[in-house]
Structures are given as structure tokens and as C-alpha cells.
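Q: I have a structure open here and would like to talk it through with you. Could we start with the contacts and then move on to the strands?

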Amino acid sequence: QVQLVESGGGSVEAGKSLTLSCAASGYTTSPICLGWFRQAPGREREGVAIINTRTRVMNYGDAVKGRFAISRDNAENTEYMQMHLLKTEETAMYFCTGKLVDDHWYGCPTAVTDFDYWGQGIKVTVSS
């Protein structure tokens, strides 16, 4: 059973930066896609960033391209998402997510329904 634990959320002013972390455990050498979705009040959960830990291919949501960066520390089994130039509308619960994939996957799936494992979520508040 894959377990995901988020950390690093909090409050920040618009235009500033914040880094989220997700520690993953419970899987061995299987390739896995790890990443983040977010959900603001009254809105659907949307994809933010995903990385294939085997190929290092990354996908970003259109709203965050050029501002967010996802990375992976294999030694620590932890992924990081650096968020820069944050906007007030990005206030949301951020969820770490994961999906075990076969070797034929070069990238990752992107739909919320594709993912099997979820963290508890962590709150990010961006104030003006």
C-alpha cells in the first residue's frame, strides 16, 4: 500500500514562493507517477504537476507552467513542488497523488480518476 505524506503548506503573500513536499512509502522498485492536484472551495480538483519517477518526464497544468517546478529525490523517496509567483486564486487544498505504472509509460496519466493513492491534503493560502 502506497502512503503519501504532505508537508510544507501554509500562508504566503501573493507573488511569493512556497515549496511543498510529499514523502512516499510502501512501494519497492515499481515505476510510479507522483504529483499534485489542488482543489479550491467550490471547484473541481485539478492537476498541477506530475512526474514519472523512472523517466523523469514531467507534466504541468497550463495555469502553473513556467512558475511551478516538480522534482524528485529518489534517495529520500520524496518529491518536491516549488511554487513561485503565487496568486490569490491558487489558495486551495493541495493533494499529493500517486499511481504505479508499467515500464511502457513514458509520461504519466493526467486525469484525477487515473490516480490510486492520495495524501491527506495540505492547505495553501495566498493572500493579497
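**Contacts, cores and strands**

Q: Which residues does Leu 4 touch, not counting those up to four places away in sequence?
A: In this predicted model, Leu 4 touches Cys 22, Ala 23, Ala 24, Leu 34, Cys 96, Thr 97, Gly 98, Tyr 117, Trp 118 and Gly 119, once residues up to four places away in sequence are set aside.

Q: And which residues have the most contacts inside the largest nonpolar core?
A: That core has 28 residues, and those with the most contacts inside it are Leu 4, Leu 20, Trp 36, Val 48, Met 81, Met 83 and Tyr 94.

Q: Which strands supply at least two residues of this core each?
A: They are β3 (18–25), β4 (32–39), β5 (46–52), β7 (68–73), β8 (78–83), β9 and β11, and β3 gives the most, with four residues.

Q: What lies apart from it?
A: Another core, of six residues, lies apart from the largest one, and Cys 33, Phe 37, Val 101 and Cys 108 are among its members.

Q: Switching to β11, which residues are on its covered face, and which on the uncovered one?
A: In β11, which spans residues 122–127, Ile 122, Val 124 and Val 126 form the covered face, while Lys 123, Thr 125 and Ser 127 form the uncovered one.

Q: In which sense does β2 pair with β11, parallel or antiparallel?
A: Strand β2 (residues 10–13) pairs with β11 in the parallel sense, over four bridges, and Glu 13 stands opposite Ser 127 there.

Q: How many bridges join β9 to β11?
A: Three bridges join β9 (residues 92–100) to β11, with the two strands running antiparallel, and Met 93 has Lys 123 as its bridge partner in β11.

Methods: Residues are numbered from 1 along each chain as its sequence is written. This is a predicted model: local features need pLDDT of at least 70, side-chain atom pairs count only at pLDDT 80 or more; totals for chains, interfaces and linings use all residues. Side-chain values use heavy atoms; hydrogens and water are left out. Buried means under 20% relative accessible area, exposed over 50%, partly exposed in between (1.4 Å probe, protein chains only). Two strands pair if DSSP finds at least two bridges between them. A nonpolar core is a set of buried Ala, Val, Leu, Ile, Met, Phe, Trp, Tyr and Cys residues joined through side-chain atoms within 4.5 Å. Contact means heavy atoms within 4.5 Å.
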